[in-house]
Amino acid sequence: MTELGDLDAFVSVAEARSFRGAAKLRGVPASSLSDAVRRLEERLGVRLLNRTTRSVTPTEAGGRLLERLVPALGEVGAALDMVNDYRDSPTGTLRLNAPIGVTRLILPRIVPAFLAAHPGIRLELSSEDRFIDVLAAGFDAGIRYEEKLEQDMIAVPIGPRIERFACGAAPAYLDARGRPEHPRDILRHACIRHRFASGATVNTWEFERDGEIVRVTPDGPFIGTDAAIELEVATAGIGLIFAFEGLLAPSFADGTLEPVLPDWWQAYSGPFLYYPSRRLMPAPLRAFVDFIKRV
């Protein structure tokens, strides 16, 4: 009889197209997945994966097996997960993917309370700004803003429903360089910009007031990939910073930053937790969805 674990290992490697990639997602040694696939191929008497130094791809037999296994293993997992309904508290692992801003500003108010309420659940959180296929990457759900939600997904609001982009600078910088009175004035100032992990730089700052939208392309002496160092550079008086209001709020409160053009700060809808439509949701994900609906 073919072991279910070996079948699951084959699916992970075939979908990831890599033993190392699948091993990283599952948190196991790549050698264990290689052994599992080898055992499966020996039992079935057919090669399932073509292996080269650069890639791993399913053979024709492997591809046809994969098509049948994915929904079948999903049903098996869902059936086993139903047992959680009979526990006092669900158990299992919940894997989430979220943008760095959400991880810093929203999840700290949610995650500790959720884990305290569900001691049998282990939460694995991956934070990154790259837009990825969360399901293909092995996550149960993702958190994204509305414009980046994938199609055919269930979306549940999480965190504040209205957020804003804010602009600020150190008071000493503004005393020396002047205070912008209109977004176009920013073009005369040094600005601190952000670059995402994908390599894309935020080249345009967008402002809005009374239906008027103004976009400016700033320039300046610093481009960062981490909001923490960008904030340090701004509070040191190097230039203007443009970021989530929640990130800059503590600096506004203690006076190390001064709000710039607050009447022009653009509002946008808050993030959503999204996951695939399933007849049977994994119990840890169902518990998390129920929890965020209550808070």
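Axes here are lines fitted to C-alpha atoms, for helices over the stretch in contact, and angles run from 0 to 180 degrees between N-to-C directions. Helices (H or I, at least four residues) and strands (E, at least two) are DSSP runs, numbered from the N terminus.

Entry 1, the model. I am reading a predicted model, in which local features need pLDDT of at least 70, side-chain atom pairs count only at pLDDT 80 or more, and totals for chains, interfaces and linings use all residues. Residues are numbered from 1 along each chain as its sequence is written, and side-chain values use heavy atoms, without hydrogens and water.

I looked up helix α2 (residues 19-26) and found its axis within 8 Å of that of α3, crossing at roughly 115°. The two are therefore roughly perpendicular (65 to 115 degrees). In contact (heavy atoms within 4.5 Å), I list Phe-19, Arg-20, Ala-22, Ala-23 and Arg-26 from α2 against Ala-30, Leu-33, Ser-34 and Val-37 from α3. By class I note six nonpolar, one polar and two charged residues.

Entry 3, α1 and α3. Helix α1 (residues 4-16) packs on α3 (residues 30-44) at about 115°, with the axes 8 Å apart. From α1 I note Asp-6, Leu-7, Ala-9, Phe-10 and Val-13; from α3, Leu-33, Ala-36, Val-37, Arg-39, Leu-40 and Arg-43. This contact has eight nonpolar, no polar and three charged residues.

I checked pLDDT (the predictor's confidence in each residue, from 0 to 100): the protein's mean is 87, and 91% of its residues reach 70 or more. Confidence is lowest in helix α4 (residues 60-81), mean 80, and highest in strand β13 (residues 258-259), at 98.

Terms used
Nonpolar A, V, L, I, M, F, W, Y, C, P; charged D, E, K, R; others polar. Parallel < 35°, antiparallel > 145°, perpendicular 65-115°, else oblique.
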